[in-house]
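Student: I would like to study this structure step by step. May we begin once it is shown?

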Amino acid sequence: MGKNKLGLAAAAGLTASLALGSAYSEPVEDKLVIDGREMTTWTEAPADHPFDELISGWHYRTDETRALEADSFENPGMLYVERGEEIWNAVDGAAGKSCASCHQDASETMAGVGASYPKWNEAAGKPYNLELQINECRVEQMQAEPYKFDAPEQVALATFIKHQSLGEPVEIDLAEGDMQKWWERGKDRYYLRTGQLNMACATCHEDYNGRYIRADHLSQGNVNGFPTYRLNTGGMVSLHNRFRGCIRDTRAEFPAAFSDDLMALEVYVTWRGQGLSVETPAVRQ
Ligand code: HEC
Ligand code: HEC
């Protein structure tokens with residue numbers, strides 16, 4: 001499936017400690033329909049892409065997990081969408097405003113918005129993800145405290161806003177500002193081997209894509225389902241939390257959330273999955 005193989009040999013000596021198996025299986029062929037709308041979960045990749053086909057992480061999960069995501073009434077992530085809607089409507093901060101005071105009905109004003117993050121922020125001189133944009137509105141528009149990384153309100157609000165783009169293709173604009181530079185930086189980081197195990201993102205998500213690690217079927221590592229409900233931990237996981245977890249698994253120091261390192265990765269990894277539908281809240285193991 002991968003066009004450029006990094007060389008499996010380099011990581012081979014370390015596979016035993018990670019229980020990286022040699023078993024390979026194809027992602028499951030299936031159709032994801034949510035609330036009557038068919039999601040794009042498997043599509044042709046553009047010519048300059050390391051993969052021939054882009055495949056959502058949904059196809060790598062078990063029948064039960066896939067079924068949970070397909071049913072909005074059963075999807076445990078939908079509780080966080082509801083929680084996010086409450087926060088959207090709640091007044092907070094010295095200006096006496098809620099998100100809804102300015103943005104009104106999110107199903108109209110936020111439709112498609114979450115699908116195009118990260119976005120270049122001219123004033124900040126760097127890309128902003130949705131979490132940073134939310135914090136900017138809290139501080140500048142509401143005179144409220146910014147949320148700390150992974151505050152439950154931040155995760156719920158980001159989930160709620162992304163959900164307003166359910167089914168929309170992920171699409172980011174690299175022509176704005178210095179986005180291209182951040183893409184390059186993110187790409188370098190993606191192929192950089194780190195940690196005691198000397199592994200890169202690409203080691204697991206390209207070279208070992210389709211193989212198993214501790215009974216976990218390795219996907220392409222796309223971001224279209226974030227924030228994502230994880231059955232393992234029984235809660236929502238933000239994207240930077242997932243990135244940090246993946247880096248920690250290589251026994252490397254992990255960068256701070258929203259650091260330039262992780263923002264660059266977010267730009268690059270989002271680009272890798274352009275064209276896949278936003279699935280938030282996706283359900284994963
Ligand atoms: C006082 C009015 C006001 C309030 C309250 C407010 N915003 Fe905003 N928001 C704006 C303005 C103005 C912009 C566009 C300029 C900018 O990017 O700051 C914006 C932009 C945004 C965007 C980016 C939209 C896009 O097309 O990329 C998001 C997302 C957003 N706000 C979310 C929120 C959330 C979530 C809250 C509540 C926590 C909130 N806003 C509260 C005024 C407000
Ligand atoms: C040691 C192997 C390993 C490395 C290295 C690794 N990951 Fe992962 N990653 C996993 C596993 C296992 C999962 C969960 C199963 C899956 O979706 O692949 C996962 C999941 C993900 C997901 C969620 C996919 C989804 O559909 O929910 C993203 C995004 C991701 N990784 C990004 C990264 C990035 C970026 C890096 C480099 C900083 C990285 N990973 C490095 C093992 C790894």
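Student: In which helix does arginine 242 lie?

Tutor: This is a predicted model, in which local features need pLDDT of at least 70, side-chain atom pairs count only at pLDDT 80 or more, and totals for chains, interfaces and linings use all residues. Residues are numbered from 1 along each chain as its sequence is written, and chains are lettered from A and ligands numbered from 1 in the order in which they are written. Helices are DSSP runs of H or I with at least four residues, and strands are runs of E with at least two, numbered from the N terminus. On that basis, arginine 242 belongs to helix H11.

Student: Is arginine 242 buried, exposed or partly exposed?

Tutor: A residue is buried if 20 or more other C-beta atoms, placed from the backbone, lie within 10 Å of its own, exposed if 12 or fewer, and partly exposed in between. Because arginine 242 has 19 other C-beta atoms within 10 Å, the residue is partly exposed.

Student: Is threonine 280 buried or exposed?

Tutor: Threonine 280 is placed in the loop between H12 and strand S12 (283-284). Within 10 Å there are 27 other C-beta atoms, so threonine 280 is buried.

Student: How far apart in space are threonine 280 and phenylalanine 160?

Tutor: In sequence, threonine 280 and phenylalanine 160 are 120 residues apart. From C-alpha to C-alpha, their separation in space is 8.4 Å.
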